[in-house]
Amino acid sequence: MTVTNDPTRQAVPSGPLVEEDREHHRFRVHRSTMTSPDIFALEIERVFGHSWLYVGHESEIREPGDFVRRPVGNRQVFMIRSKKTGQVNVFHNSCTHRGAMVCRQDKGNAKVFSCFYHAWSFNTDGELVGVPDRDAYGHGLDFSKLGLRPVARVESYRGFVFASFDPEIVDLVEYLADAREYLDLVVDSMDEPEIIKGTNQYAINANWKLLAENSIDGYHAVSTHDTYFKYLVALGTDLAGGVAGTAKSLGNGHAVLEYAAPWGRPVAKWEPLFGEGAREEIARLREDLVARHGAERAGRMADTNRNLLIYPNLVINDIMAITVRTFMPVSADRMEVTAWEMAPRDELPQLRQRRLDSFLTFLGPGGFATPDDIEALESCQQGFHSGGVEWNDISRGMARDPLANDEEQMRAFWRRWNEQMIGAMR
Ligand code: FES
Ligand SMILES: [Fe+2]
């Protein structure tokens, strides 16, 4: 279903878009933030133009010349490992001659990119190395200045490569703030993490911020994913204890849910679904973790789930499998989602198989979770267009230390969003 040119589309209010009243424990967000094309255009500039945005993982471009092409913040870029230096470059995907995209495949390995329009060619460091009939230009052009344009800032944290279009943005480490601790927990739980080949791609007819909210929303799990929980119980998973945990704001709009895992985790918590054959191997993985990180940190890695949102649009779900997911706004009413699976590089085939099964069963686009979530998000988007109700309520848990099924993590996201869009809240 598509929602366009809706006459009920709410006008942007002249007052605030996000309202917080700490004294009375009220937090609300104006629904025009989800439907207004004007707000959408503004957030591409103010949010996506001034944040660190996830591009990809270094393991996706292991060899010199390896590249991946993907849109970042609504712009076409590609990431490539230099043949000269081995470093990771991220370029605007636009020929310096007259604009065509020079990288035309989603991934591959290349020595040079030859533009298909007039065949100017560029090496893996972006230098212009070939111009047909160069003599036709006389001496007027300085070809050394016509290399591909790198994105203003590129930094990587523990293999996760981010880019920013804002040359003045703070360093990535500072930007990540307390989210680093949670990225570290994910990375340290594996010998050598890698993105497994293969990508999930799908589109949702809903505003991109709905998926930011949904990805860290503990409140919806039991109601929306009822079928999955029943399926787990039928297979022997003990869900009697419920899902206990906390929600935290991690600074700069990042947030996390951390909660005890009622289900098995390939790193390193066995459950009946994994089969008796895997029991010993998972016990060994756990011993390894304890030896490397001590009992407490190893326990946290093995037994707790993390749903981590790195503002504005990267989600790492470290649950019954590890998903890395990013979503791009296409319009106020539509987003495109890309998800990858992360795993230890040297994982035993049977454990890898189990991990992939878990991934597809719950998180994959045909699994138990994703179609339910898409249905919920598209339903919200249509609900917004029905008009009559101006505000979304996001107050849950404001009167207590927030639990995993409260909404503090969403408030963290919205506070930062509001700060970028409008300025710090009064
Ligand atoms: S636009 Fe690329 S060579 Fe002309
Ligand atoms: Fe969900």
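Which residue in β6 is the bridge partner of Phe 78? The partner is Phe 91. Helices (H or I, at least four residues) and strands (E, at least two) are DSSP runs, numbered from the N terminus.

This is a predicted model, in which local features need pLDDT of at least 70 and side-chain atom pairs count only at pLDDT 80 or more, while totals for chains, interfaces and linings use all residues. Residues are numbered from 1 along each chain as its sequence is written, and chains are lettered from A and ligands numbered from 1 in the order in which they are written.

Strand β5 covers residues 75-81, and five of its seven residues are buried (20 or more other C-beta atoms within 10 Å of the residue's own, with C-beta atoms placed from the backbone). Its pairings (at least two DSSP bridges between two strands) are tabulated below.

| Pair | Bridges | Direction |
|---|---|---|
| β4 (residues 66-72) and β5 | six bridges | antiparallel |
| β5 and β6 (residues 88-92) | five bridges | antiparallel |

The hairpin of β4 and β5 leaves two residues between the strands, and Gly 73 in the turn has a positive phi of about 55°. The hairpin of β5 and β6 has six residues between the strands, with Gly 86 at a positive phi near 80°.

The protein chain is divided into domain 1 (53-164) and domain 2 (178-422), with bounds from an automatic or database domain assignment. Their centres, taken over C-alpha atoms, are 33 Å apart. Ten residues from domain 1 and eleven residues from domain 2 make up the contact (C-beta atoms, placed from the backbone, within 7 Å).

Conventions:
Two residues are in contact if their C-beta atoms, placed from the backbone, lie within 7 Å. A residue is buried if 20 or more other C-beta atoms lie within 10 Å of its own, exposed if 12 or fewer, and partly exposed in between; C-beta atoms are placed from the backbone.
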